[in-house]
Amino acid sequence: MKKNKIIKVVSLITGAITIVAIGYFVNEGNWTNVGFFIFLFLGIWIFPTFLKKVNKKK
């Protein structure tokens, strides 16, 4: 496998696990862990993509 394909597969797996964990903790009512996993998801998926787009515009 090429490196890019491995990175995409690992990213999808970690993203799916994070979303499942958020759903589980919402169901259990453990809001501290929900907040932690939401910030983790934002840090792994959303912010890096946003920062790449901002840096390309300059």
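Helices are DSSP runs of at least four residues, labelled H or I and numbered from the N terminus, and in this sense K52 has its place in helix α2. The model described here is predicted.

**Helix α1**
- Helix α1 covers residues 3–28, which makes 26 residues, and the distance from its first C-alpha to its last is 37 Å, close to the 38 Å expected at 1.5 Å a residue.
- Within α1, the residues G15, T18, A21, I22 and F25 are buried, and the buried residues of this helix pack against α2, which spans 31–57.
- An α-helix has 3.6 residues a turn, so residues three or four places apart point the same way.
- Just after α1 comes G29, a residue that takes a positive phi of about 80°.

**How α1 and α2 meet**
- The axes of α1 and α2 come within 9 Å of each other and cross at roughly 160°.
- Because angles over 145 degrees count as roughly antiparallel, this crossing makes α1 roughly antiparallel to α2.
- The crossing in which α1 passes α2 is left-handed.
- On the α1 side, the contact is made by S11, L12, T14, G15, T18, I19, A21, I22, F25 and V26, while on the α2 side it is made by W31, N33, V34, F37, I38, F41 and W45.
- Sorted by class, the contact of α1 with α2 contains 12 nonpolar and 5 polar residues, and no charged residues.

- A21 has its place in helix α1, and because its relative accessibility is 14%, below the 20% under which a residue is called buried, A21 counts as buried.
- I38 lies in helix α2 and is partly exposed, with a relative accessible area of 37%.
- Although A21 and I38 are 17 residues apart along the chain, their C-alpha atoms are separated by 9.5 Å.
- A21 can also be compared with F39, which is 18 residues away in sequence and 12 Å away in space, C-alpha to C-alpha.

- The C-alpha atoms of F50 and I6 are separated by 22 Å, and the two residues are 44 residues apart along the chain.
- K52, also placed in helix α2, counts as exposed at 58% relative accessibility.
- Between the C-alpha atoms of K52 and T18 the separation is 22 Å, with the two residues 34 residues apart along the chain.

How values were computed. Residues numbered from 1 in each chain as written. Predicted model: local features only at pLDDT ≥ 70, side-chain atom pairs only at ≥ 80, totals over all residues. Heavy atoms only, no water. Helix = DSSP H or I, 4+ residues; strand = E, 2+ residues; numbered from the N terminus. Expected span 1.5 Å × (residues − 1). Buried < 20%, exposed > 50% of the residue type's maximum accessible area, 1.4 Å probe, protein only. Contact = heavy atoms within 4.5 Å. Axes fitted to C-alpha atoms, helices over the stretch in contact; angles between N-to-C directions. Parallel < 35°, antiparallel > 145°, perpendicular 65-115°, else oblique. Left-handed = near helix turned anticlockwise from the far one by under 90°. Nonpolar A, V, L, I, M, F, W, Y, C, P; charged D, E, K, R; others polar.
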